[in-house]
Amino acid sequence: MIKSVFGALALGMLLAATPAPAALKVLATSADWAALATELGGDKVDVYAATTAFQDVHRVDAKPSLVARARNADLIVATGAELEVGWLPVLLQESGNARVQPGSNGYFEAARQVRLLEVPASVDRSMGDIHPDGNPHLQLDPRNIATVARALSARLALLDAANAAFYVARGNDFQQRWQQAQLRWEKMAAPLKGVGVVVMHRDQSYLIQWLGLREIAAMEPKPGVPPSSSFLATLVSKLAQDPPKMILRNAYNDSKATDWLAERVHAPVVMLPFSVGGTAGARDLFGLFDDTLNRLLEPLK
Amino acid sequence: MNFLTIAAARTLVPLLLVMSSPVFADPLGDLRAELEALKASNALRIEQLEQRIAQLEASAATARSEPPTVAPAMPAAAVASSGPNAFNPALSLILAGTYRALSGDPADYRIAGFVPSGSEVGPGARGFNLGESELTIAANVDPYFFGAVTAAVSGDDSISVEEAFFRTAALTHGLTIKGGRFFSGLGYLNGVHAHAWDFVDQPLVYQALLGNQFAQDGAQLKWLAPTDLFVEFGLEAGSGRDYPGTTRSANGLNAASGFVHLGNDLGDSASWRSGLSLLRTNAENRGFQATDGAGVPVSNAFTGNTQTWVADFTLKWAPHGNPTERQLKLQGEYLRRTETGALTFDTDVRSLAGSYHSEQSGWYLQGVYQFRPRWRAGLRYDSLDSGDTRIAILPGGLLPGFAFPDLQNATPTRTSVMLDWNLSEFSRLRAQFAWDQARLNGTDHQLFLQYLFSLGAHGAHKF
């Protein structure tokens with residue numbers, strides 16, 4: 001009798017201690033990876049974006065709120081290639097969460113899934129703020145999104161095996177919709193081929209390569225190094241020879257520098273969302289590309 | 001034409017796979033899949049694939065023609081080199097130097113009303129001075145531990161171990177254990193290395209009550225609560241060899257500290273962290289130099305226990321949380337220390353002993369504003385209150401009241417302004433001016449010009 005009472009009590013405690021099947025907690029370092037995790041995980045995932053499109057993911061603080069999110073995360077989705085090197089290591093070391101340390105299943109890097117552009121043959125800080133693994137701003141090529149999505153779907157299925165079939169089905173659905181969208185975007189973007197543009201920082205490289213745009217110049221002499229007035233003077237005279245159709249800037253960039261150049265080279269500034277949430281149109285990943293293309297096509301009309 | 005392209009890809013795939021690393025496997029796998037999908041045909045896509053294949057062919061050709069020692073252009077992560085250097089830890093080095101122009105002689109610098117807290121306290125020597133070159137070596141030990149050492153090579157050719165600790169990496173439930181020598185987690189600035197300070201020197205209250213920074217030789221246990229609000233608890237136990245403690249020949253714990261930190265965001269643009277900490281440690285014959293009532297130098301020693309409370313608050317604001325253009329950092333801390341025990345006056349000659357009790361406190365408040373990219377300006381105000389130190393060998397006892405002129409009640413203050421220029425994430429040039437009223441009388445005008453350079457591994461800083 002006593003035994004069975006104890007048994008019932010123990011069972012009750014066990015039941016109380018076993019949490020209800022909770023959503024997989026995902027901490028994404030950017031709004032894009034957060035959007036992708038939501039596309040692939042639906043209501044089976046609880047996604048938190050560490051940054052917004054109005055922040056430079058390379059320059060954010062290891063905020064206490066983010067440390068708290070890292071502590072509770074089941075999966076961290078990062079870009080990698082040193083983009084988050086100034087703050088993500090602090091989150092990981094302060095988190096007391098072995099599940100999300102690099103090398104664990106709970107740590108995912110998008111840059112590991114795709115081939116990066118602009119991998120330097122050698123690195124030295126005199127070259128500016130370069131990334132030894134290559135250019136980390138890989139989200140602006142939809143082919144990269146598709147590749148990263150495949151790997152992320154597999155990772156979600158691995159971490160949450162009970163819902164594996166759900167992730168596979170949802171992943172396949174996403175790939176199908178994405179492929180259709182990509183064909184549509186590429187048709188839409190045909191007039192952009194060979195169009196000359198000026199960029200601020202070399203973070204549009206993947207978009208430029210995908211669309212066949214022609215990058216005439218960057219407004220930074222070296223990555224992360226602001227231009228001097230003599231550099232800008234040379235740039236203006238260079239652009240007089242080869243006038244760009246537009247000057248690109250991201251939603252999080254200050255508009256002063258691009259406005260200054262636009263006035264001198266008589267080309268419009270095109271503000272791109274760069275990340276999900278950067279503009280009203282870029283509500284999700286599909287919207288990000290729709291809106292980016294609409295904005296790029298505007299000056300050609 | 002399409003057939004040719006596919007054939008080219010088919011010969012390329014095995015060639016590249018043999019030639020190099022698994023990195024190529026992925027893109028080419030994708031390429032194959034894409035080609036399959038494209039058999040249905042889409043002119044634009046095929047054109048692009050042709051371009052990509054041409055690029056791959058070109059890079060394959062260059063890779064073939066180059067000697068094998070030249071790394072082909074591919075993600076560095078995939079070219080994990082073998083050999084004894086493959087596991088080399090991350091190295092980073094800080095170069096620092098300061099030029100100082102001081103109106104008061106730094107040799108007789110003293111914070112009035114406070115027992116001197118060590119040699120590193122004060123504005124430092126006049127003229128050009130090499131600062132501490134901080135060398136940090138860090139790496140994962142194995143899947144379970146991380147290890148790091150920071151050695152400071154001083155301008156006077158001495159080397160000191162600032163930190164040398166291991167930290168767990170495989171614990172869950174928000175737990176982290178750290179062991180070795182480390183800056184204690186008390187307060188906000190205590191754990192910050194000199195190169196990351198927003199001013200050339202530490203606030204007066206840190207100098208007076210903690211001898212600049214308190215390091216433990218011991219262990220730290222931290223627990224992060226499973227909430228979205230940042231709530232962190234920490235406990236430390238250690239040797240307490242650092243000021244305000246001393247080295248003791250005791251088996252037990254000499255110093256213990258505990259802290260709780262809270263933090264969160266305020267909307268998109270601001271975040272804060274706040275904390276409360278307590279440090280208890282013991283001193284045994286903690287000697288200090290002073291002058292007696294007749295102006296004769298004497299050595300005194302304190303033995304007893306010391307307890308320090310720290311309350312800290314930090315707020316950072318940037319438009320949309322993007323600190324590229326503008327950022328404001330506001331920070332303040334209040335410290336209060338109680339010391340109870342025995343004091344020996346003039347240990348060399350008279351050796352008079354009596355009881356000692358002091359309650360001393362101080363605070364600072366500072367703001368640093370990045371008003372345009374790469375430029376920051378800062379303002380800091382320091383205030384100390386020495387309180388009335390009760391020493392039983394004074395009135396009614398064996399010595400006249402002026403026997404400890406250095407410990408008379410005083411309220412030192414200091415105001416500092418700072419401007420720094422950060423050409424990149426890795427370099428900082430700074431000018432600072434201070435009106436220092438820490439001495440009993442007169443204002444010390446202090447000008448500092450400082451450089452700070454960071455070499456090697458990209459640092460990651462706490463909030």
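This is a predicted model: local features need pLDDT of at least 70, side-chain atom pairs count only at pLDDT 80 or more; totals for chains, interfaces and linings use all residues.
Strands are DSSP runs of E, at least two residues in length, numbered from the N terminus. The phi of Asp157(B) is near 75°, a positive value in a residue other than glycine. Most residues other than glycine have a negative phi. Asp157(B) has 7 other C-beta atoms within 10 Å. A residue with 12 or fewer counts as exposed, so Asp157(B) is exposed.

A positive phi also occurs in chain A. Glu82(A), again not a glycine, has a phi near 70°. Glu82(A) sits in the loop between β3 and α4 of chain A. Here 19 other C-beta atoms lie within 10 Å, and Glu82(A) is partly exposed. The cut-off for a buried residue is 20 or more.

Helix α4 of chain A spans residues 88–95. Seven of its eight residues are buried, so the helix is mostly covered. The buried residues are Leu88(A), Val90(A), Leu91(A), Leu92(A), Gln93(A), Glu94(A) and Ser95(A). Just after α4(A) comes Gly96(A), with a positive phi of about 60°.

One peptide bond in chain B also deserves mention. The bond from Tyr243(B) to Pro244(B) is cis, and its omega is near 10°. Most peptide bonds are trans. Pro244(B) lies in the loop between β8 (230–238) and β9 (255–266) of chain B.

Conventions
Residues are numbered from 1 along each chain as its sequence is written. Chains are lettered from A and ligands numbered from 1 in the order in which they are written. Helices (H or I, at least four residues) and strands (E, at least two) are DSSP runs, numbered from the N terminus.
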